[in-house]
Amino acid sequence: LQFFSHTVYFRLLGAAFGAGASPWQSMELAAHTVPNLLLQADLQAAATRVRDGNTIAAACLPCSYLTVEQKAILETAERAGSLPAVAAKLADDAQNKLETWLTVYYKMTPLILFLLVAAMTIPSLFSQASRLMSAPNP
């Protein structure tokens, strides 16, 4: 869910910046779209810090749901004046991570289910085999 939340946040953040919204408005709008409520609260607090005069980099520093890499990239983009493009790139990166995670998850699920079924049935098979082996021969 975190990769999806990052994708949604950065995608809308870049679009709002690109449309000419102020940094505070862009961050506030993007934060409201995040489905992860903990991340949403974190990002809304960052938007409030920007509204109160902090830079985006300083406002995002306490955000525990943004990675160190994302914070550094936002700081560099803010200094370079390239926030719309960089936010779109961060959204693409998060989306790629989400797609990779889902691919691995879907490929591993059948194997995990097989192992669970095997773990539940093998002891029963050994028990049955043991009883058959210890039964007296007629």
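Here is a short chat about a predicted model.

Biologist: Okay, F3 then: which residues away from its sequence neighbours is F3 in contact with?

Modeller: F3 sits in helix α1, residues 2–18; helices are DSSP runs of H or I, at least four residues, numbered from the N terminus. Its relative accessibility is 33%, so F3 counts as partly exposed (buried is under 20% relative accessible area, exposed over 50%, partly exposed in between, with a 1.4 Å probe and protein chains only). Contact means heavy atoms within 4.5 Å. Skipping neighbours within four places in sequence, the partners of F3 are A94, K97, L98 and W101.

Biologist: And E28, how far away is the nearest side chain of opposite charge?

Modeller: E28 belongs to helix α2, residues 23–32, and beyond four places in sequence E28 touches Q44 and A47. For charges, Lys and Arg count as positive and Asp and Glu as negative, while His and the chain ends are not counted. A salt bridge needs a side-chain nitrogen of Lys or Arg within 4 Å of a carboxyl oxygen of Asp or Glu. E28 is buried and has none, with R51 as that nearest opposite charge, at 5.9 Å.

Biologist: What kind of aromatic pair do Y9 and F10 form?

Modeller: Rings of Phe, Tyr and Trp (its six-membered ring) pair if their centres lie within 6.5 Å; planes under 30 degrees apart are stacked, over 60 edge-to-face, and the rest tilted. That rule gives three aromatic pairs. For Y9 and F10, the centres are 5.3 Å apart and the planes make 70°, so by the cut-offs the pair is edge-to-face.

Biologist: Is Y106 buried or exposed?

Modeller: Y106 forms one aromatic cluster with W101 and Y105. Y105 is partly exposed, at 42%. Y106 has 58% relative accessibility, so Y106 counts as exposed.

Biologist: Last one: how many disulfides does the structure hold?

Modeller: A disulfide is a pair of cysteine sulfur atoms within 2.5 Å. C60 is buried at 2%, and C63 is buried at 1%. The sulfur of C60 has its closest cysteine sulfur in C63, 4.8 Å away, which is too far for a bond. The number of disulfides is zero.

Notes. Residues are numbered from 1 along each chain as its sequence is written. This is a predicted model: local features need pLDDT of at least 70, side-chain atom pairs count only at pLDDT 80 or more; totals for chains, interfaces and linings use all residues. Side-chain values use heavy atoms; hydrogens and water are left out. Helices (H or I, at least four residues) and strands (E, at least two) are DSSP runs, numbered from the N terminus.
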